There are 4 protein chains.
Amino acid sequence: MYETRRLNDKSKVIVTAALTGAVTTKKDNPNLPTQPEEIAASALACCDAGASAVHIHVRDDNDAASMRFDKFEETVKLIRDAGSPLVLNLTSSGGQGFSWEERIHPFRELKPELASFDAGTMNWLNSVVFMNEPEFLELCGKEMIAAGVKPEIEIFDIGMLNTAKYYIRKGIIQEPAHFQLCLGAAGGMEATTENLLYLVNHLPEKCTWSAFGIGKGANEIMMAALALGGNVRVGLEDNVYYNKGQLAESNQQFVARVKRIVEELGKTVATPDEARSILGV
Amino acid sequence: MYETRRLNDKSKVIVTAALTGAVTTKKDNPNLPTQPEEIAASALACCDAGASAVHIHVRDDNDAASMRFDKFEETVKLIRDAGSPLVLNLTSSGGQGFSWEERIHPFRELKPELASFDAGTMNWLNSVVFMNEPEFLELCGKEMIAAGVKPEIEIFDIGMLNTAKYYIRKGIIQEPAHFQLCLGAAGGMEATTENLLYLVNHLPEKCTWSAFGIGKGANEIMMAALALGGNVRVGLEDNVYYNKGQLAESNQQFVARVKRIVEELGKTVATPDEARSILGV
Amino acid sequence: MYETRRLNDKSKVIVTAALTGAVTTKKDNPNLPTQPEEIAASALACCDAGASAVHIHVRDDNDAASMRFDKFEETVKLIRDAGSPLVLNLTSSGGQGFSWEERIHPFRELKPELASFDAGTMNWLNSVVFMNEPEFLELCGKEMIAAGVKPEIEIFDIGMLNTAKYYIRKGIIQEPAHFQLCLGAAGGMEATTENLLYLVNHLPEKCTWSAFGIGKGANEIMMAALALGGNVRVGLEDNVYYNKGQLAESNQQFVARVKRIVEELGKTVATPDEARSILGV
Amino acid sequence: MYETRRLNDKSKVIVTAALTGAVTTKKDNPNLPTQPEEIAASALACCDAGASAVHIHVRDDNDAASMRFDKFEETVKLIRDAGSPLVLNLTSSGGQGFSWEERIHPFRELKPELASFDAGTMNWLNSVVFMNEPEFLELCGKEMIAAGVKPEIEIFDIGMLNTAKYYIRKGIIQEPAHFQLCLGAAGGMEATTENLLYLVNHLPEKCTWSAFGIGKGANEIMMAALALGGNVRVGLEDNVYYNKGQLAESNQQFVARVKRIVEELGKTVATPDEARSILGV
């Protein structure tokens with residue numbers, strides 16, 4: 001019998017805070033953390049608010065999108081030195097124009113539990129191409145296995161899901177895989193419940209998944225992901241507004257809300273260690 | 001362009017408390033209100049907790065399912081005499097074996113804003129037939145128009161939606177119609193996000209809708225309905241458990257939760273008067 | 001990984017001719033066979049045209065819908081005596097107002113390979129209730145097992161599919177079950193590819209299925225069922241028109257067309273014996 | 001009310017033959033036309049078999065994928081000089097590594113009725129990136145408007161549909177747009193009825209559409225597209241096999257089959273002039 005997938009733990013919800021991203025600026029929202037001290041502080045505040053994991057991008061000294069290793073290193077060190085149990089997830093994209101080595105180096109050296117794996121190439125609508133060439137993806141997958149880092153497979157479209165399944169078949173991604181369903185990106189699938197459900201229905205049998213919506217569909221995806229038994233990602237990378245017309249105060253503001261809603265449903269947010277157990281990292 | 005319907009007010013959510021129903025007993029949950037004083041008290045408590053509307057069934061002196069007019073009359077009088085602004089919705093089914101006249105009499109005399117209209121006949125799985133013969137539905141629709149009562153069209157399956165559209169085309173139901181999508185009934189569509197979305201995608205262009213899930217899918221449907229911009233129904237008629245393994249304390253406990261979640265999303269629960277405005281009653 | 005079900009044999013298509021039905025009249029189409037000699041002759045002609053199976057209703061002496069045993073007996077005898085290998089499928093509904101015994105008697109005595117099992121009760125839109133009470137369904141299922149007759153489960157709506165799954169769980173229907181997806185009935189799901197796909201996606205894992213559309217959606221369902229790897233039912237019971245505006249000449253006209261289309265796809269229509277093997281009857 | 005889109009002419013089906021493509025070789029199928037005389041001859045044979053349009057790629061002198069203008073010019077001249085009424089559709093991609101000018105030049109000079117417009121960038125799974133950068137798409141759209149060539153928007157994934165809608169809003173593609181839904185490409189959406197339906201359900205309100213499946217899902221998509229009232233593309237570019245295990249003899253073999261199936265449904269294949277009328281070219 002066909003069933004909408006409920007692959008995740010039924011009573012625990014992994015909440016990931018996407019702290020910074022590559023696109024949003026302090027002009028969009030002055031509360032965006034961009035430098036290591038700020039990012040680490042935001043991570044720790046999210047941990048206190050109940051987050052299971054943080055997804056980390058860094059910026060250069062001018063707050064521009066960056067893959068500078070020293071920035072990653074400093075940020076991760078600050079979080080770890082504070083004794084935080086947070087699951088760490090480092091981006092492997094980071095913006096436009098970075099070399100393969102620049103994209104791989106941070107997770108290879110810093111060995112976070114997770115690193116993002118963008119499972120295909122697409123146009124950011126009318127701006128630039130988000131390049132994730134086949135050769136890069138194959139290299140990236142192999143480097144993650146070598147480093148003991150689990151890919152968080154970012155899916156922006158159906159074809160990327162098919163691509164991820166291909167890499168799973170080839171052993172370049174190991175099962176059970178973990179997916180982040182990214183909806184609402186310009187040029188990708190729109191942030192609708194229908195699109196989320198379509199992706200969830202086509203996931204591999206054995207996997208875990210999380211989802212988020214960028215922009216106006218953010219709350220819809222958060223609610224629909226919780227309806228479907230999914231994990232959720234929130235934060236300033238994806239949304240500068242907390243609700244319509246209301247700028248977000250902080251990353252932890254998003255985390256605290258998800259935690260309250262999850263608890264209304266008789267579930268709990270996974271602690272970082274529970275998240276490790278669910279993800280097998 | 002095709003879009004998942006968002007037919008309802010985007011910032012206001014109508015919350016209906018289904019207080020009693022025809023099936024649940026005090027043995028299932030001792031907090032179930034069954035007699036007029038109890039039902040009215042529960043309605044008023046729901047109003048205080050933020051409900052927009054109440055859906056009312058009555059029971060006989062032995063708490064069995066009933067369409068006794070005196071019980072409806074007393075219940076409605078108690079609520080109205082208390083000065084409550086609640087939108088009232090009286091059942092027109094009430095259980096098994098009632099005559100057409102017994103089913104119609106309460107709404108015809110008491111003129112609530114809404115009365116339920118069950119848009120077809122089905123098996124309650126392995127128990128009995130839920131009879132809503134074509135002749136009854138036609139009569140019921142005409143009586144509602146004559147009484148100035150708006151039908152809340154209860155939909156348990158796709159065919160009922162097609163049936164409702166037929167009555168709309170025939171003028172037996174007036175547009176914009178108001179739908180209550182009832183998922184999880186034994187013998188009907190299961191309480192899944194996928195089923196809810198399928199129904200919502202096939203609603204008439206101009207309508208308002210609400211949804212609820214019976215039993216284990218209750219929270220999923222509540223969350224998915226909110227994701228999709230729908231109104232929601234909650235209460236002991238549909239669920240004796242508040243969360244898994246936790247008996248509900250009262251109808252207002254459900255109402256208060258929806259209110260909290262709705263407000264987390266930057267929306268508000270419609271006041272009874274706002275609900276009247278949205279529904280055109 | 002989720003996949004649209006392809007449960008049927010990939011290279012063989014079972015084609016069932018529904019010869020007469022309960023509703024269509026000779027006024028609608030003078031080529032409709034209504035008396036045993038006509039029905040049997042139509043069955044044999046369908047066999048020659050390539051049909052795997054025939055679904056049989058009978059009429060009384062005035063051509064009205066009927067469950068008269070002598071009519072079934074004569075029809076079946078004529079087909080069998082002609083040495084036809086056709087898989088036989090007798091209706092267990094036959095129209096309105098028949099007793100349970102009248103509905104069960106033909107398949108119990110004549111032991112066709114298949115008999116229809118209508119998995120629920122529904123309104124024929126604005127006319128009458130198509131009654132298939134839970135007690136009847138339970139009895140009917142048990143009688144089919146006792147008689148060695150396989151139910152062809154007719155599904156008009158999602159809830160009926162859930163009901164069928166319930167009877168499978170209870171052992172009242174044995175697995176692998178065989179489904180006939182009936183789309184386009186007034187009061188049921190409409191004859192659209194989308195509805196067909198929705199039903200197919202929710203079938204039990206282990207089953208075989210066929211589909212047909214009544215009226216204007218007939219060709220759409222035939223084509224979509226073939227696209228999805230399903231078996232198909234055709235014939236004057238479901239459609240008096242062969243194509244838009246063109247009255248059908250005979251049941252075999254429909255059969256011959258399906259056969260031609262199936263062969264265009266590099267497949268073949270199952271012979272009656274191949275159909276027996278696929279269905280396990 | 002939501003309805004599966006039936007945007008195309010209900011009684012006419014535009015059949016496009018995709019003669020050559022960029023990937024298939026004579027080793028895959030020796031009947032593949034690769035040089036201008038062969039391609040033109042295949043086009044004319046398809047026209048005789050009933051095709052409405054041909055989609056043209058060219059090859060260099062070694063049969064490798066090419067955008068050589070002289071090859072396009074010669075091919076088009078041969079078809080036109082033969083007096084063929086075929087609607088002509090020239091590729092604007094042609095394979096890997098061609099300059100924007102090489103991709104645009106053929107349609108700008110030869111002014112076919114249609115030229116392909118690939119509405120986004122994607123990985124051909126594990127081989128290379130199919131580059132259609134935003135700047136190229138904007139340029140390409142403007143050049144098509146300037147040349148009076150209508151884009152046939154090729155869609156391999158949901159995000160490309162959103163991208164196409166963006167260019168429609170910006171006026172870079174004019175309405176009503178014409179879509180070619182390309183399913184089964186490695187790295188794109190798989191060739192399933194479900195994926196086709198999903199795309200069709202999300203098309204702009206006012207458009208025409210056609211579909212095809214690459215490889216094993218080819219017949220499924222042909223049948224499902226016809227079920228949904230769509231136009232269809234067939235030919236050796238997309239499939240070297242006619243049916244499972246059976247190499248195709250020619251492009252016209254595919255065309256003739258679609259024509260036979262279309263006529264079984266009481267419809268006709270659009271003549272080239274009827275296609276021009278439907279497409280507004």
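Tutor: Let's start with one residue pair: in chain C, C:Glu154 stands opposite C:Gln180 of strand 11. Keep in mind that this is a predicted model.

Student: Happy to. How many bridges join strand 10 to strand 11 of chain C, and do the strands run parallel or antiparallel?

Tutor: Strand 10 (residues 150-155) and strand 11 (residues 177-183) of chain C are joined by 4 bridges and run parallel.

Student: What packs on the sheet here?

Tutor: Helix 5 of chain C, residues 158-169, does; it touches strand 7 (114-118), strand 10 and strand 11 of chain C. The direction of helix 5 makes about 155° with that of strand 10.

Student: Which strands of chain C make up the closed barrel?

Tutor: Follow the order 2-3-6-7-10-11-12-13: these 8 strands close the barrel in chain C, with parallel pairing. From one strand to the next, the twist averages 25°.

Student: Now a helix pair. At what angle do helix 7 and helix 8 of chain C cross?

Tutor: Helix 7 (residues 218-227) and helix 8 (residues 251-264) of chain C cross at roughly 35°, their axes coming within 11 Å. The crossing is right-handed. From helix 7, C:Asn219, C:Met222, C:Met223 and C:Leu226 meet C:Arg257, C:Val258, C:Ile261 and C:Val262 of helix 8. By type, the contact residues are 6 nonpolar, 1 polar and 1 charged.

Student: Lastly, how is chain C laid on chain B?

Tutor: A turn of 180° with a shift of 0.0 Å along the axis does it, at an RMSD of 0.0 Å. The two copies are therefore related as by a two-fold rotation axis. In chain C, the C-alpha of C:Met122 is nearest the axis, 2.7 Å from it. Both copies use the same surface, as 100% of chain C's contact residues recur in chain B.

Key. Residues are numbered from 1 along each chain as its sequence is written. Chains are lettered from A and ligands numbered from 1 in the order in which they are written. This is a predicted model: local features need pLDDT of at least 70, side-chain atom pairs count only at pLDDT 80 or more; totals for chains, interfaces and linings use all residues. Side-chain values use heavy atoms; hydrogens and water are left out. Copies are superposed by least squares on the C-alpha atoms of residues with pLDDT of at least 70 in both. Contact means heavy atoms within 4.5 Å. Two strands pair if DSSP finds at least two bridges between them. Helices (H or I, at least four residues) and strands (E, at least two) are DSSP runs, numbered from the N terminus. Axes are lines fitted to C-alpha atoms, for helices over the stretch in contact, and angles run from 0 to 180 degrees between N-to-C directions. A crossing is left-handed if the near helix is turned anticlockwise from the far one by less than a right angle, and right-handed if clockwise. Ala, Val, Leu, Ile, Met, Phe, Trp, Tyr, Cys and Pro count as nonpolar, Asp, Glu, Lys and Arg as charged, and the others, Gly among them, as polar.
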